[in-house]
Amino acid sequence: MTEFLSTHEPATGALITELPIGDAAREVAIARAASIGWAMTPLAERIATLQRFAGIVRERAEAFATLIARETGKPLWEAKTEVDTVVAKVAISITAQAERAGERVTDQPGGGCMALRHRPHGVLAVLGPYNFPAHLPNGHIVPALLAGNAVVFKPSEKTPATAAFLVDCYHAAGVPEGAVRLLIGGPDQGRALAGHDDIDGLLFTGSARTGIALNRQFAERPEKILALEMGGNNPIIVWDDPDLDAAAALIVQSAYTTAGQRCTAGRRLIVEDRLYDPLMKALTALVDRLIVGAPFDEPQPFMGPVIDNEAAAHLLERVSDLIAGGAKVIRPLERIVTDRPLLTPAILDVSGVTDRPDDELFGPVLQVSRAADFTDAVTQANATRYGLSASLISPSRERYEQFWIGIRAGIVNWNRPTNGAASSAPFGGIGWSGNHRPSAYYAADYCAYPVASAEADSAAASIPVGLRA
């Protein structure tokens with residue numbers, strides 16, 4: 001009997017669709033059978049196919065954005081920007097493929113040449129998250145397909161409808177159905193896919209807990225590529241005398257865009273002590289104006305709900321723990337609707353909290369602390385196992401250079417939000433934020449492996465020493 005996975009709108013609870021739960025072994029077998037043919041397809045043809053995919057997504061943009069907004073709860077304006085990034089990823093990946101995984105041939109002294117080419121791994125599994133259910137898996141899948149790999153894509157069980165829409169766009173563009181397979185299911189299907197002997201690697205975006213478990217699982221399988229893109233407990237430092245209204249806007253963009261459900265979201269705000277009161281005045285005035293609502297409300301909200309009631313309950317519980325440990329509530333985390341995961345943006349002063357947990361609170365919660373000097377501020381910022389993103393808000397370039405050298409993060413911004421990463425740059429972190437395989441522009445690096453070849457048109461060799469007469 002076929003089992004089905006249901007998906008519902010976070011903002012309303014309405015049913016979106018029911019999709020049949022898949023079988024990992026079956027999907028891997030289909031992808032394996034298609035992998036050789038796709039790998040042998042000329043690169044120019046693969047590029048043309050992915051360009052058609054971008055065109056199809058552009059044609060279906062309105063329906064795609066509507067579905068993303070319904071399934072994730074994010075405002076329609078933000079869902080539209082996600083669709084735009086899906087389209088833009090193709091051109092960026094084509095450029096990255098040529099630059100980082102292209103073919104190079106150089107003549108060698110004495111004849112012949114040295115050639116550098118790249119080969120696909122074979123069948124790659126992609127595990128996608130719910131916060132950007134199209135953009136983030138697409139960031140793995142497009143470069144993987146360009147490199148000649150077949151892909152088995154297992155989306156979050158919370159956003160399967162968006163994944164099905166995305167995969168249909170690949171197939172409509174001419175990517176062979178066997179070269180991109182969709183595996184619907186929950187944790188059991190994810191574990192079965194990750195543990196399948198016949199995948200050649202796994203590309204993951206999600207929580208540190210799951211990523212660390214995958215790292216352990218793959219520790220004895222060095223023949224398989226593993227790229228982990230995990231979370232962050234990202235700091236923002238405000239120092240010297242910036243424009244406080246601009247600083248407040250940057251902090252709000254960092255902490256509350258996507259209801260705080262971004263791995264690069266600003267979670268910890270560290271403020272020069274003398275700036276604390278005026279900055280809090282500017283920040284709370286802006287936060288109090290933020291509209292929280294359903295995706296299609298008018299006027300459009302700044303942020304929607306978190307993904308589901310379970311996530312909302314977890315956040316409320318963790319905030320209660322911080323308050324019990326001494327945190328001062330500047331703005332509370334509260335449900336707007338009793339039975340839905342719409343939450344107000346929260347600000348907590350945690351300056352007096354000892355043994356503060358180093359956790360990624362994946363939602364609209366900003367923790368604020370004071371610092372007496374800049375050395376203390378950087379020390380606080382680095383007091384995390386994560387190392388994804390960090391921002392300094394300051395008018396001083398000298399201060400930024402000091403910050404850049406001292407901070408531990410893969411994305412370091414100045415007078416920009418923590419979540420201001422560009423797809424034309426590498427995206428990744430250190431510590432619990434990744435395993436040194438950044439994605440975005442550098443995804444080409446883990447989607448193919450280099451092959452160095454010494455080549456000559458004919459055999460010619462001699463052994464000048466070490467032979468008996």
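Predicted model: local features only at pLDDT ≥ 70, side-chain atom pairs only at ≥ 80, totals over all residues.
**Entry 1: a buried asparagine**

I count two residues as in contact when they have heavy atoms within 4.5 Å of each other. I then asked myself where N138 sits. The place of N138 is helix α5, which covers residues 135-147. Is N138 buried or exposed? N138 has a relative accessible area of 0%, so I wrote it down as buried.

**Entry 2: two domains**

Next I stepped back to the whole chain. The domain assignment gives domain 1 as 4-231 + 433-455 and domain 2 as 235-414. I looked up how far apart their centres are, taken over C-alpha atoms, and noted 31 Å.

How many residues of domain 1 are in contact with domain 2? My count is 25 residues of domain 1, in contact with 24 residues of domain 2. The size of an interface is often given as the accessible area lost when the parts come together. For domain 1 and domain 2, I noted a buried area of about 2000 Å². Carbon and sulfur atoms give 63% of that area.

**Entry 3: what links the domains**

I looked for charged pairs across the boundary and found two salt bridges between domain 1 and domain 2. I also looked at one pair by name: the side chains of K158 and D308 meet in a salt bridge, with 3.1 Å from N to O.

Which elements give two or more residues to the side of domain 1 that touches domain 2? They are α3 (61-72) and α4 (76-101). Helix α3 gives the most to that side, with five residues. Sorting the residues of this side of domain 1 by kind, I got ten nonpolar, nine polar and six charged.

Today I went after the backbone. Most residues other than glycine have a negative phi, and most peptide bonds are trans. I noted the exceptions below.

The peptide bond from E298 to P299 is cis, with omega near 0°. I found P299 in the loop between α10 (276-287) and α11 (309-324).

A259 is not a glycine, yet its phi is positive, near 55°. I traced A259 to the loop between α9 (244-256) and β11 (266-272). Although it is in a loop, A259 is buried, with a relative accessible area of 2%.

N415 also went on my list, with a positive phi near 55° in a residue other than glycine. N415 lies in the loop between β16 (411-414) and β17 (426-427). At 24% relative accessibility, I marked N415 as partly exposed, while A259 went down as buried. The cut-off I used for buried is under 20%.

**Entry 4: salt bridges**

How many salt bridges does the count come to? I got 26. Side chains of opposite charge can pair when their charged atoms come close. I picked out a few pairs to look at in turn.

I started with D188 and R191, whose side chains meet at 2.6 Å, N to O. Both are in helix α7 (residues 187-194), and because they are three residues apart, about one helical turn separates them. D188 is exposed at 51% relative accessibility, and R191 is exposed at 54%.

Then I turned to R221 and E223, where the salt bridge is 2.5 Å from N to O. R221 is partly exposed, with a relative accessible area of 28%.

My last pair was R385 and D359, with a salt bridge of 3.6 Å, N to O. R385 lies in the loop between α12 (374-381) and β15 (389-393), while D359 lies in the loop between β13 (346-349) and β14 (365-371). The pair therefore ties together parts that are 26 residues apart in sequence. I noted R385 as partly exposed at 35%, and D359 as partly exposed at 23%.

Note on methods
Residues numbered from 1 in each chain as written. Heavy atoms only, no water. Domains from an automatic or database assignment. Buried area = accessible area lost by both parts, 1.4 Å probe. Salt bridge = Lys/Arg side-chain N within 4 Å of Asp/Glu carboxyl O. Helix = DSSP H or I, 4+ residues; strand = E, 2+ residues; numbered from the N terminus. Nonpolar A, V, L, I, M, F, W, Y, C, P; charged D, E, K, R; others polar. Buried < 20%, exposed > 50% of the residue type's maximum accessible area, 1.4 Å probe, protein only.
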